[in-house]
Amino acid sequence: MTLSKWLIALLLVPNSLLLSAKFNTAPISHRRQEAVGYLLRPDRVFDGETVHEGWVVRVKGDKIEAVGPPASVPADGSEVVDLKGTTLMPGLIEGHSHLLLHPYNETPWDDQVLKEARSLRVARATVHAQKTLQAGFTTVRDLGTEGAEYDDVGLKQAINQGIIAGPRMIVVTKALIATGSYGPKGFGPDITVPQGAEEADGHDALIQAVRRQIGKGADAIKIYADYRWGLMAEARPTFTLDELKLIVEVARSSGRGVVAHAGTAEGMRRAILAGCETVEHGDAGTPEIFALMKKQGTALCPTLAAGDAISQYRGWKKGQDPEPERMKQKRATFKQALDAGVTICAGGDVGVFSHGDNARELVLMVDYGMKPLDVMRSVTSTNADVFHLADRGRVRAGLLADLVAVAGDPTKTITDVQRVQVVMKGGVFFKR
């Protein structure tokens, strides 16, 4: 073939194939032949709870087949993959994501909800999903489409069917809000605008809304236990305690848990007493509230990175300016939660900041007082336990072969978690 003919042939190759070759983002269905058998040899294995120096992991198909010292785990015909200098660990689990949002300093939230076509948002979300997976997060709990209806369900299906590369998804679809409490806001009282979640109030309407979202594909139900009410935008509780208990009861009858956005102490109290499994944000929590969370077994997803990002969007020059009061308060409440022994989930509210930068939350968790080993447990085994994911979150025989190798040891130096070398999901390499 002449050079000119070769160049013409190259130009005719679909862009999707070129991208897959360069970035290793080919859908699962196109690369299933890779999922045969591998013996992974890192410097150490963090199994989701403990670090084991010198261990190896054998993968067969989409599962972990064996784990342990080299003498106890022979290759048995598997391809040996040398991961010298790395720590091998479970695929990371993002506890609070919005794949259908992008950073607010690019486009304000109101404009994303009101002005961006859902087709545009979904197209962008496919890229967000790929970036998330490449960053080592093989599962995300995606907590609301923010005006994009049930499009998270389709995104999840596209990933599961191998149409696009991305993490496994837990979805909540539209989320539930009390009438008049959410947004977008700022319009004349005679103008009704689309909301970023589904409005429902009272006994029958709430039952129908919960069941409708489950019927459309929700894996869990998200509620806003408080929000910035009215024109003054003051954060106050939304649903009554009885309404919240009803939502939890209906969701539980289908085997699903309830996730609560709650920043005020009273909103948190109601969500905890109602039986919500996790509280998101918890900015104005108190020692009494965190003691109640510990007693009730409610987990906290603090979303430190979202507040950090929003403060910077508003002009805070991190590392130069004094820390804003909002951030100082967050440090204090996070420490109170740690002191109370509250279960901490790792979730940054990514979408407020860039997808693929999910580990930003983990770095901040250490900066705010957690030990690196505890943070790594949080983003693996703890999240798996809280989200009822018995098939992942640990490096153990019989579990899904969702594995990540990073340079260094993030259980000692947390920033090493950002040095991703290998990503495997279901026994298939998506980064190698």
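The buried residues of helix α11 are L304, A305, A306, G307, D308, A309, I310 and S311, where buried means under 20% relative accessible area, exposed over 50% and partly exposed in between, with a 1.4 Å probe and protein chains only. The helix, which spans residues 304–313, is thus described as mostly covered, with eight of its 10 residues buried; helices (H or I, at least four residues) and strands (E, at least two) are DSSP runs numbered from the N terminus. These buried residues of α11 pack against α12 and α13, and just after the helix G315 takes a positive phi of about 115°.

The model is a predicted one, in which local features need pLDDT of at least 70 and side-chain atom pairs count only at pLDDT 80 or more, while totals for chains, interfaces and linings use all residues. Residues are numbered from 1 along each chain as its sequence is written, and side-chain values use heavy atoms, with hydrogens and water left out.

As a whole, the chain has 14 helices and 19 strands. Its radius of gyration, taken over C-alpha atoms, is 22 Å, close to the 22 Å that the globule rule gives for 432 residues, so the chain is as compact as a globular protein of that length; the rule itself is 2.2 Å times the number of residues to the power 0.38. The C-alpha atoms fill a box of roughly 70 × 55 × 50 Å along the principal axes, and 55% of the 432 residues count as buried. Among contacts (heavy atoms within 4.5 Å) between residues at least 6 apart in sequence, 68% join residues at least 24 apart.

In soluble globular proteins, nonpolar side chains tend to be buried together. A nonpolar core is here a set of buried Ala, Val, Leu, Ile, Met, Phe, Trp, Tyr and Cys residues joined through side-chain atoms within 4.5 Å, and in the largest such core, which has 72 residues, L176, I221, I223 and L362 touch the most other members. Helix α8 (residues 241–253) gives the largest share of this core, six residues. A second, separate core of 16 residues includes L40, I64, V422 and M424.

D349, in the loop between α12 (325–340) and α13 (360–367), is buried, with a relative accessible area of 9%, and, not counting residues up to four places away in sequence, D349 touches E94, H96, H98, H281, T303 and A306. K174 lies in the loop between β8 (168–171) and β9 (176–177) and is likewise buried, at a relative accessible area of 17%. The side chains of K174 and E149 are joined by a polar contact of 3.5 Å, that is, a pair of N or O atoms within 3.5 Å of which, within protein, one must be able to donate a hydrogen and the other to accept it, residues adjacent in sequence counting only if both atoms are side-chain atoms.

Finally, with a disulfide taken as a pair of cysteine sulfur atoms within 2.5 Å, the count comes to zero. C276 is in no disulfide, the nearest cysteine sulfur, that of C345, being 13 Å away; C276 is buried, with a relative accessible area of 3%. The sulfur of C345 is 5.6 Å from the closest cysteine sulfur, in C301, which is too far for a bond, and C345 is buried, with a relative accessible area of 0%.
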